[in-house]
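Subject: Structure handover and notes

Dear colleague,

I am passing on the structure we spoke about, together with some notes on what was found in it.

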Amino acid sequence: MDNKSKSLIKSTIIYSIGNFGSKVLSFGLIPLYSYYLTKEEFGYYDLVVSTIVLLVPLITLQLSDSIFRWLLDNKDDIKIQKTIATSAFTFVLFNSLLAFLILIGVSFFADIEFLLTILVLLITTIFYGMIQQFTRGLSYSKFYAISGVMLTFSLLTCNLLFLFFFKLKIEALFISSILSNIISISFLAYKTNFFKFLNFDYLKLKTLKEMLYYSLPLVPNTLSWWLIMSANKYIIVLNLGEESLGLFSLANRFPALLVMVSSIFLLAWQESAITVFNDQDKDKFFSKIFNKLFRAQFSLVILLILTSEFLVKYIISSSFYESWKYLPLLYLGAVFSSFSAFYGSIYIGAKDTKGALYTSVIGGITNVVLSFVFVRYIGLFGVCVANCLSFVVLFVLRFFNTKKYANINLHISKVLTAVFSVLFSLAVVYINKLQLSITIIIVTSILIFYINRKDLLTLLKQIKR
């Protein structure tokens, strides 16, 4: 195995430690949520979280991405590192306080339940994301990983405590997230000696302008991703109500298994893509890695599609049972989401944030328009179809648009095999015959293990090292 592949696998393993637990947790907490929260309560919580995801890039202007990118380029210059940290965090702190005051003013005209709690969650979410990227930029990936583990256990502990023992309902989710963020922020600040990097003598508007010039095009790009991932939740509320949103939101937690695999890998891949972007053999390396990702993602999605009903039936409350019907389409959307993010790393390596923006905007508009149209005719199915198609559109656009930077060779035979396998899996699931489903699941599991055996053995060897 070449050194670049080894480095990528090593980074992936480190990021796995920090992210695996939290991603599994979002899946593992589904039973708890389904038994202690109503559909309406869970729908409202998910709507708040989606709104926070929308507000974060508007407040930070995506300076966290600039922090990561600038620190990677200045690993050995402590003065420049101080300038980067001081300039970025001062700017974000000012914007956060301004946003806090604006939202307090809005509350006089609109009744927002749990407003102060939500505002605290917003602020802690902003600074957790910022200090995470700061830590990655300094190449403290192990501290980043440990903070993820801490976030996982504190979130799990707090949720169990407040939901199970104190019966706090929806408040438990907000308080748990706030406390978990604070614990992880404190750990990273201590381990990176973060406050030594903050010195107003190093506050430079020129550096801040350069960082903003890089990050500003990423804001509409991030908002476009929000349009793809979350805008349909508002469409559901307006057309079908909060109960339907609760059903959809819970179903959306299951693709977390796929998102978990891809997001962990993509954190490591982003660094590799930047590092090797100017190498002569990058096309060959990029093609090799993408084809492995393609095979792994479709192997996993086929198994998940086939087990959709079993997962829902045996681990969550019967009041949410209907959600299994939406899982296959949401799984497919998650797969194409990871493929699109892979190609998004090429834009980062090329410093072409405009290309990322252009494709994301089209994907976001596609999702909103199709959701509006389809929800009126086929309800939640329509939203799921729109979500899946928008990610397919995004992937196709990026596949062709990034060829000027990296020509990735995607084997057509693998594409056709994947399409046929997915269609077959969908047919088996919706025919809904128990014996047929179990037989196909067993046979498919054996085939998938056989097809991926070399990659699995390589990964196990690297983990052992």
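Two residues are said to be in contact when heavy atoms of theirs lie within 4.5 Å. On that basis, among the contacts in the chain between residues at least 6 apart in sequence, 84% join residues at least 24 apart. Please bear in mind throughout that this is a predicted model.

Overall fold

The chain has 465 residues, of which 54% are buried, and its secondary structure comes to 20 helices and zero strands.

The nonpolar core

The largest nonpolar core holds 127 residues, and within this core Phe134 and Phe290 touch the most other members. Helix α16, which covers residues 327-350, supplies the largest share of that core, with 13 residues. Once its neighbours within four places in sequence are set aside, Phe134 is in contact with Ile67, Leu71, Ala85, Phe89, Thr192, Phe194 and Phe197.

Two helix pairs

As background to what follows, two packed helices are described by the angle between their axes and the distance between the axes.

On the α3 side the contact is made by Ser50, Val53, Leu54, Pro57 and Leu58, while α10 contributes Val219, Thr222, Leu223 and Trp226. Sorted by type, the residues of this contact of α3 with α10 comprise seven nonpolar, two polar and no charged.

Not counting residues up to four places away in sequence, Leu173 touches Tyr33, Leu37, Tyr45, Asn159 and Leu163. Leu173 and Phe42 are 131 residues apart in sequence, yet the C-alpha to C-alpha separation of these two residues in space is 9.6 Å.

Ser64 lies in helix α4, which spans residues 63-73, and Ser64 is also buried, because its relative accessible area is 13% and the cut-off for buried is under 20%. Apart from its neighbours within four places in sequence, Ser64 is in contact with Gly129, Met130 and Gln133.

Leu389, finally, lies in helix α17 (residues 353-401), and with a relative accessibility of 37% Leu389 counts as partly exposed. When residues up to four places away in sequence are not counted, Leu389 touches Leu370 and Phe374. Leu389 and Asn367 are 22 residues apart in sequence and 7.5 Å apart in space, taken from C-alpha to C-alpha.

With best wishes

Note on methods
Residues are numbered from 1 along each chain as its sequence is written. This is a predicted model: local features need pLDDT of at least 70, side-chain atom pairs count only at pLDDT 80 or more; totals for chains, interfaces and linings use all residues. Side-chain values use heavy atoms; hydrogens and water are left out. A nonpolar core is a set of buried Ala, Val, Leu, Ile, Met, Phe, Trp, Tyr and Cys residues joined through side-chain atoms within 4.5 Å. Buried means under 20% relative accessible area, exposed over 50%, partly exposed in between (1.4 Å probe, protein chains only). Helices (H or I, at least four residues) and strands (E, at least two) are DSSP runs, numbered from the N terminus. Ala, Val, Leu, Ile, Met, Phe, Trp, Tyr, Cys and Pro count as nonpolar, Asp, Glu, Lys and Arg as charged, and the others, Gly among them, as polar.
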